[in-house]
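Grab a pencil and work through these exercises with the structure open beside you. Try each task before you read its solution.

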Amino acid sequence: GAATFGTNGASGTSGATQDDVAFGSVLDSQGRIILTGYSRTATAGYRMVIWRFTSAGVLDTSFASGAGFAITGTTGIAGGTRDRGAAVAIDSSGRYVVAGYSANATGGWQLAVWRYNSDGTADSSWGTGGAKTYGATGLAGATGASEIEFPTRLIIDRYGRYVIGGYSVDTGGMRQQAIWRVLQTTGELDT
């Protein structure tokens with residue numbers, strides 16, 4: 001028989017906040033849909049979210065202790081109140097890797113990478129509580145509130161390294177193409 005998806009071919013959900021926005025998506029080996037983006041509330045700011053849907057487009061209640069989505073805390077990992085996921089991939093161990101940004105205390109955006117186990121729990125072996133940020137100075141040289149690191153794509157290369165593409169804002173306010181490569185084992189930038 002014909003497969004069906006969601007309602008009339010479309011699906012979605014709410015994390016019970018003001019805004020739920022997805023930017024990145026990937027399918028796992030079981031056909032489940034993994035999305036990343038953010039949820040926003042008036043009191044907690046922007047929080048990175050990873051949602052998982054079944055292949056039929058239904059929020060997967062076997063993920064993240066039955067919620068179907070995992071969400072970051074109210075304070076961003078770089079010290080501000082904005083964490084946003086932009087791209088998601090699945091590594092060779094089946095973990096969900098999210099590239100995005102986390103606002104620092106002055107409002108600048110630092111490159112951030114989160115890693116989740118396939119059950120929706122944060123990978124405690126990755127950074128602090130499953131999250132890692134990269135530097136107080138942007139790749140193109142801006143700092144503080146002027147720092148903007150904005151990833152848009154994430155792939156995992158044949159060596160398991162996380163290759164992230166996007167842009168970095170320079171000290172003159174211009175966007176410069178950027179590529180970061182992160183080691184899967186240590187979470188450090190591949191220098």
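**Exercise 1.** How many nonpolar, polar and charged residues does the lining of the largest pocket have?

*Solution.* Some ground rules: this is a predicted model, where local features need pLDDT of at least 70, side-chain atom pairs count only at pLDDT 80 or more, and totals for chains, interfaces and linings use all residues. Residues are numbered from 1 along each chain as its sequence is written, and side-chain values use heavy atoms, leaving out hydrogens and water.

Step 1: find the lining, which includes Phe-5, Asp-20 and Trp-51; lining residues have an atom within 4 Å of a pocket point.
Step 2: sort by class, and you get seven nonpolar, four polar and one charged. Gly counts as polar here.
Step 3: check the strands (DSSP runs of E, at least two residues). β1 (19-27) gives the largest share, three residues.

**Exercise 2.** Is Asp-91 buried or exposed?

*Solution.* Step 1: locate Asp-91 in the loop between β5 (79-90) and β6 (96-104).
Step 2: look at its relative accessible area, which is 5%. Buried means under 20%, exposed over 50%, partly exposed in between (1.4 Å probe, protein chains only), so Asp-91 is buried.
Step 3: list its contacts (heavy atoms within 4.5 Å). Leaving aside neighbours within four places in sequence, Asp-91 is in contact with residues including Arg-115 and Tyr-162.
Step 4: look at its side chain, where a polar atom lies 2.9 Å from the backbone nitrogen of Ser-93.

Terms used. Helices (H or I, at least four residues) and strands (E, at least two) are DSSP runs, numbered from the N terminus. A polar contact is a pair of N or O atoms within 3.5 Å; within protein, one must be able to donate a hydrogen and the other to accept it, and residues adjacent in sequence count only if both atoms are side-chain atoms. On a 1 Å grid over the protein atoms alone, a cavity is a set of points where a 1.4 Å probe fits but cannot get out, and a pocket is an open set with protein on both sides within 12 Å along at least five of seven lines; lining residues have an atom within 4 Å of a point.
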